[in-house]
Amino acid sequence: PAKGHTEVIDKAVAATCTTAGKTAGSHCSVCNTVIKAQTTVAATGHSYTYKATKNPTTSATGTLTGTCSKCNGTTTVTLPKLNTTDYTKTVTKAATCTATGTDTYKWNTTTYGTFSFTATTNALGHSYQHEYDIDCDICNAIREVEAPIVFVGNSISHNVSGLAFRF
């Protein structure tokens, strides 16, 4: 007479971030007939949270590091150099003739999130439209001009780049 199957449980295998899993099933230990088939469960995929591990500058790229909340695996993403094409730039503090300024660059993505970085801008330096101007075109600061003083008779003549002053 025929004997019934001797059922053995095939344990479920949990899916991981990168590897597919299987549901529980069973088979006969004598003839290996599948009693309940195991089905494949898709890999879950990573769930990264990103943080800047190297801030970009106007002259160098930066790095985002993503850490998976499920398996602690990591990945890196290169951040572009700070520029106005990839980032939204806001002048946080305007540079002056004598003081540096600060710009904020915001990088907003649906994949990695939103990140803000700051960059220091150089002081502008004074600007004079003509070499004989004595006041800065930007801040009106008065510059000191040294020029030879020539005595002509009883008067003093002062010549600065072609301009003559008599005192």
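Thr-67 stands opposite Thr-74 in strand β8, where strands are DSSP runs of E of at least two residues, numbered from the N terminus. The model is a predicted one, in which local features need pLDDT of at least 70 and side-chain atom pairs count only at pLDDT 80 or more, while totals for chains, interfaces and linings use all residues. Residues are numbered from 1 along each chain as its sequence is written, and side-chain values use heavy atoms, with hydrogens and water left out.

Strand β7 (residues 62-68) pairs with β8 in the antiparallel sense over six bridges; two strands are taken to pair if DSSP finds at least two bridges between them. These strands belong to an open sheet of three strands in the order β6-β7-β8, with antiparallel pairing. Its edge strands are β6 (48-54) and β8 (74-79), each of which pairs on one side only. On average, neighbouring strands of this sheet are turned by 25 degrees against each other, direction ignored; the axes are lines fitted to C-alpha atoms, and angles run from 0 to 180 degrees between N-to-C directions. In the protein as a whole there are 14 strands and zero helices, a helix being a DSSP run of H or I of at least four residues.

Of the 167 residues of the protein, 19% count as buried (under 20% relative accessible area, with exposed meaning over 50% and partly exposed in between, for a 1.4 Å probe and protein chains only). The largest nonpolar core has eleven residues, among them Tyr-50, Leu-64, Val-77, Trp-107 and Phe-115. Such a core is a set of buried Ala, Val, Leu, Ile, Met, Phe, Trp, Tyr and Cys residues joined through side-chain atoms within 4.5 Å. Strands β8, β10 (101-109) and β11 (113-121) each supply at least two residues of this core, and β11 gives the most, with three residues. Leu-64 touches Tyr-50, Val-77, Leu-79, Trp-107 and Phe-115, among others, not counting residues up to four places away in sequence; contact means heavy atoms within 4.5 Å.

Asp-103 counts as buried because its relative accessibility is 4%. A polar contact of 3.4 Å joins the side chains of Asp-103 and Lys-89 (a pair of N or O atoms within 3.5 Å, of which, within protein, one must be able to donate a hydrogen and the other to accept it; residues adjacent in sequence count only if both atoms are side-chain atoms). The residues that Asp-103 touches, not counting those up to four places away in sequence, include Lys-89, Thr-90, Phe-117 and Thr-121.

A search of the whole structure finds six aromatic pairs, defined for rings of Phe, Tyr and Trp (its six-membered ring) with centres within 6.5 Å; planes under 30 degrees apart count as stacked, over 60 as edge-to-face and the rest as tilted. Tyr-48 and Tyr-50 form a tilted pair, 5.8 Å centre to centre with 50 degrees between the planes. Tyr-48 is partly exposed, with a relative accessible area of 26%, whereas Tyr-50 counts as buried at 17% relative accessibility. Tyr-50 and Tyr-112 form an edge-to-face pair, 4.9 Å centre to centre with 85 degrees between the planes. Because Tyr-50 lies in strand β6 and Tyr-112 in the loop between β10 and β11, this pair ties together parts that are 62 residues apart in sequence. Tyr-112 counts as partly exposed at 27% relative accessibility. Tyr-48, Tyr-50 and Tyr-112 are among the members of one aromatic cluster, which also includes Tyr-87, Tyr-105, Trp-107 and Phe-117.
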